[in-house]
Amino acid sequence: MALLFKSDSDNADRWRRACLSLSPDLDFRVWPEIGRREDIEAALVWAPESGALTGFPNLKAIFSLGAGVDGLLQDRTLPDVPLCRMVDPSLTKTMSDFVLMAVLHRFREVDRYARDQHAGRWQFAIPRDTADCAVGIMGLGELGLDAARTLRSRGFDVRAWARSPRAFSDIRVFQDAEGLEPFLSELEILVCMLPLTSATRGILDKRVFEKLPKGAYLINVARGGHLVDDDLLASLDAGHLGGALLDVFETEPPDLDHRFWRHPRISMTPHVASYCLPEIAARGVVANYERLIRGEPLEHVVDRARGY
Ligand code: NDP
Ligand code: OXD
């Protein structure tokens, strides 16, 4: 039995070393050196081309190298075996680091000071208390909850929006469609950390922007498909939204003539908000692979009907 690795964005050698250090006998194969197709019983993948996972008669599970499985679920040829998404402490930590950095960047007015520097202006403002800044997290899952807790640890007024009811003493959670407006209405910073599903595609649109207070700032670290690009541009240009930091895009990279590249109030990062370190993430993958071998239930199995 063998584990097939396929990704153009991850370091196969690092993953191989990390997996073998935990399970020296593991038969770790790297695409395109597949060997006998019958041997492959699990695949560890990021963004395989449509059809790449077909033709493995003994494939029993697919392990995603990403937390988001929207790309995999779009592939109509994806074999009907359990699909497990990435849940990993290094992925969670790097995402929370990024969200904290992005929120503080806005809250501490780093962009304004950069503009002042280039204009030769020395003009400081005494920073406000973080408790006076309401930050809203859309999606309170593995990543959203940790980011929310990290922001709370810095004193921000953190609110969150999710599907199921959740209760925390220090985070106000709003729920579903009826909770969306009250969730948005007082936010200074909105952070999208939702999975991309049929229910959340295009959710960051003009209706959401209109419900945010004037001057609000958007951070999207989830998927480009959540955002209606033209609605964001219109809201920024009309002076309603104050700015945005985008890490993810419908097309990555966006076309060079996309207005995002040059917009003065948009900051872009190239889908780097979080990443998993193979030396840490391999623990969860190998543990799940060993469960598969023992015939035990797998962890982090995606509900395909729900889309996450
Ligand atoms: P989870 O599946 O753990 O959490 C998803 C959260 O979103 C849950 O709280 C869920 O609610 C909520 N949610 C889902 N659908 C809806 C809906 N229709 N309305 C309201 N809330 C909803 O995901 P993760 O936290 O692990 O990951 C989130 C996303 O982050 C990934 O799907 C991926 O797209 C993105 N990501 C981006 C990265 C980057 O580098 N930019 C890196 C890693 C991930 P409930 O709790 O009720 O189920
Ligand atoms: C992920 C990602 O989903 O890196 O893990 O985008």
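Author: Let's start with Ser96, which has a relative accessible area of 2% and is buried. Before going on: this is a predicted model, where local features need pLDDT of at least 70 and side-chain atom pairs count only at pLDDT 80 or more, while totals for chains, interfaces and linings use all residues. Residues are numbered from 1 along each chain as its sequence is written, chains are lettered from A and ligands numbered from 1 in the order written, and side-chain values use heavy atoms, with hydrogens and water left out.

Reader: Why is Ser96 called buried?

Author: Buried means under 20% relative accessible area, exposed means over 50%, and partly exposed is in between, using a 1.4 Å probe and protein chains only. Ser96 comes in at 2%, so it counts as buried. Ser96 is found in helix α3; helices here are DSSP runs of H or I with at least four residues, strands are E runs of at least two, and both are numbered from the N terminus.

Reader: Which residues is Ser96 in contact with, leaving aside neighbours within four places in sequence?

Author: Leu143, Asp146, Ala147 and Thr150, where contact means heavy atoms within 4.5 Å.

Reader: What makes a set of residues a nonpolar core?

Author: The members are buried Ala, Val, Leu, Ile, Met, Phe, Trp, Tyr and Cys residues joined through side-chain atoms within 4.5 Å. The largest one here has 55 residues, and Trp15, Phe63 and Val191 touch the most other members. Helix α3 (residues 89–107) provides the largest share of this core, 8 residues. Another core lies apart from it, with 29 residues, including Phe174 and Leu246.

Reader: What does Trp15 touch beyond its neighbours within four places in sequence?

Author: Among its contacts are Phe5, Phe28, Leu44, Met86 and Val285.

Reader: On to the ligands. How do you know that Ser164 makes a polar contact with ligand 1?

Author: A polar contact is a pair of N or O atoms within 3.5 Å; within protein, one must be able to donate a hydrogen and the other to accept it, and residues adjacent in sequence count only if both atoms are side-chain atoms. A polar side-chain atom of Ser164 is 2.3 Å from an oxygen atom of ligand 1, so the pair qualifies. A polar backbone atom of Leu143 sits 2.9 Å from an oxygen atom of ligand 1, and one of Val221 sits 2.9 Å from a nitrogen atom of ligand 1. On its own, ligand 1 has 940 Å² of accessible area, and the protein covers 93% of that; such areas come from the Shrake-Rupley method with a 1.4 Å probe, and for residues only the protein chains shown count as cover.

Reader: How does the shell around ligand 1 divide?

Author: Into 15 nonpolar, 8 polar and 6 charged residues. Ala, Val, Leu, Ile, Met, Phe, Trp, Tyr, Cys and Pro count as nonpolar, Asp, Glu, Lys and Arg as charged, and the others, Gly among them, as polar. Helix α5 gives the most to this shell, with 3 residues.

Reader: And which polar contacts does ligand 2 get from His271, Arg223 and Ala67?

Author: A polar side-chain atom of His271 lies 2.6 Å from an oxygen atom of ligand 2. For Arg223, a polar side-chain atom lies 2.7 Å from an oxygen atom of ligand 2, and a polar backbone atom of Ala67 is 2.7 Å from an oxygen atom of ligand 2. Ligand 2 exposes 210 Å² when taken alone, and the protein buries 83% of that.
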